[in-house]
Number of protein chains: 2
Amino acid sequence: MKTKKTYHHGNLREVLLNAALEILDSSGVEAVSIRAIARMANVSHAAPANHFADRRALLTAISVLIFKQLATTIDTALASGPAARKKRIKVFADSLLEFGLNYPHRYKLMWRRDLLDDDDLELQQTMDGIYAALLAELSSNSFPSNYSSDTFAIALWSLVHGYVSMRLDGNFEARQDEISGQPRHHAMLDLFLQVVDC
Amino acid sequence: MKTKKTYHHGNLREVLLNAALEILDSSGVEAVSIRAIARMANVSHAAPANHFADRRALLTAISVLIFKQLATTIDTALASGPAARKKRIKVFADSLLEFGLNYPHRYKLMWRRDLLDDDDLELQQTMDGIYAALLAELSSNSFPSNYSSDTFAIALWSLVHGYVSMRLDGNFEARQDEISGQPRHHAMLDLFLQVVDC
DNA sequence: AACATAATGTTGACGGTGACAATATTGACT
DNA sequence: AGTCAATATTGTCACCGTCAACATTATGTT
């Protein structure tokens with residue numbers, strides 16, 4: 001009748017993170033509670049405190065995982081991607097965009113700075129790494145003069161992030177999201193990338 | 001010693017909405033609780049239930065107010081704005097952008113569909129009205145062929161929304177947000193609006 | 001091997017929240 | 001005057017995050 005083998009769990013931290021990810025994917029960040037993941041791991045409600053100082057620390061740890069997953073996705077896509085600069089930029093944008101559409105709740109959590117620990121070094125570094133990967137694809141002479149690659153990078157990122165956010169929050173109607181049978185974001189990115197040719 | 005004049009408050013609903021807006025602006029949507037606004041209105045914790053079915057209904061009512069405020073802001077700016085189409089598009093974008101930067105917590109709430117009532121008619125209509133105002137400034141022959149005004153509208157809105165969201169969530173460093181002493185978003189919008197000339 | 005200490009887990013409590021039910025008071029209409 | 005709907009109160013419940021006190025086990029030193 002003993003359901004628990006040992007008093008000490010062994011790898012509770014990992015189990016808790018997996019539980020949190022599962023709840024996140026299925027029910028959103030609101031449902032990710034300390035007590036819920038403790039229940040799922042068959043452990044007392046205060047056990048997680050030994051591994052995560054508070055809920056913010058838990059969500060931050062999850063975000064680090066997610067950001068690393070995104071970084072890997074982008075790196076992989078770029079590594080096997082085309083050589084032309086403009087096309088590589090599009091690969092980057094597509095990777096980010098599809099990641100958001102594929103993992104809606106993960107994507108949304110990534111940017112909920114109000115729920116995360118701003119001072120977390122690992123989080124900052126992983127984010128910076130992704131931004132650096134974008135900058136690496138840009139060189140100033142590819143764009144209209146007067147515009148720095150930073151401005152271009154921020155514009156591109158804003159465009160993708162804005163679109164994905166709106167889509168995930170349900171602010172674009174389904175019919176608005178297709179044009180000529182193609183996803184809207186293809187046309188949208190092409191439209192934007194015209195400035196590279198200007 | 002009687003602090004309350006009457007058992008029935010008189011205009012509780014309005015008072016509650018103002019309290020909610022005050023808390024929202026100062027502390028963010030997380031702090032906007034039924035009980036908090038009840039306390040602020042010197043009323044029992046269950047009194048708001050007579051005016052708002054639940055917290056979601058309360059936040060939806062606030063959002064309607066905010067969207068109407070945004071609509072007014074945009075309409076005013078456009079009414080006294082320039083005549084050239086491209087400049088009017090910029091006025092629209094600037095209005096949206098500055099509204100977000102000026103009222104961070106209000107702007108963030110507007111898009112938190114997870115907290116709002118999707119079926120609220122007034123909310124939908126106010127949102128649709130703003131989008132229609134943007135479409136009204138566009139005509140298909142102003143843009144590169146192959147791109148509909150819907151695509152352009154969604155791209156522009158995504159760009160602005162993405163930038164504002166990132167800024168408000170603290171995802172752009174302060175130094176990244178200025179270029180040549182000008183706010184980054186000016187250069188960013190100019191960059192994007194080049195496609196109108198292509 | 002024995003012990004000390006750190007790591008990890010449990011139990012119980014506190015105050016906060018949204019929501020509901022039961023009740024009290026008041027306003028409005030007949 | 002009497003009735004009913006609107007509105008406010010009190011009390012309760014389950015959930016949450018967090019803390020404190022305590023129990024159990026792992027680890028490492030002597």
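Which polar backbone atom is 2.6 Å from a phosphate oxygen of DNA strand C? That atom belongs to Ser44(A). The model is predicted, so local features need pLDDT of at least 70 and side-chain atom pairs count only at pLDDT 80 or more, while totals for chains, interfaces and linings use all residues. Residues are numbered from 1 along each chain as its sequence is written, chains are lettered from A and ligands numbered from 1 in the order in which they are written, and side-chain values use heavy atoms, with hydrogens and water left out.

Ser44(A) is also among the closest of the 23 residues that surround DNA strand C. A residue counts as near the strand if one of its heavy atoms lies within 4 Å of it. In the side chain of Arg39(B), an N or O atom is 3.1 Å from a phosphate oxygen of DNA strand C. Helices here are DSSP runs (H or I, at least four residues), numbered from the N terminus. By class, the surface near DNA strand C has eight nonpolar, nine polar and six charged residues. Ala, Val, Leu, Ile, Met, Phe, Trp, Tyr, Cys and Pro count as nonpolar, Asp, Glu, Lys and Arg as charged, and the others, Gly among them, as polar. On the DNA side, 51% of the atoms within 4 Å of the protein belong to sugar or phosphate, and the rest to bases.

The two protein chains also meet. Contact (heavy atoms within 4.5 Å) joins 38 residues of chain B to 38 residues of chain A. Together the chains bury about 3,500 Å², 65% of it on carbon and sulfur atoms. Buried area is the accessible area (1.4 Å probe) lost by two parts on being put together, summed over both. In chain B, Tyr147(B), Ile154(B) and Leu191(B) lose the most area to chain A, together 17% of what that side buries.

Two salt bridges cross the interface, each a side-chain nitrogen of Lys or Arg within 4 Å of a carboxyl oxygen of Asp or Glu. Arg112(A) forms one with Glu30(B), the closest N and O atoms being 3.7 Å apart. On the side of chain B that touches chain A, α6 (121–136), α7 (149–168) and α8 (184–193) each give two or more residues. The largest share, 13 residues, comes from α7(B). That side divides into 20 nonpolar, ten polar and eight charged residues.

Technical notes:
A polar contact is a pair of N or O atoms within 3.5 Å; within protein, one must be able to donate a hydrogen and the other to accept it, and residues adjacent in sequence count only if both atoms are side-chain atoms.
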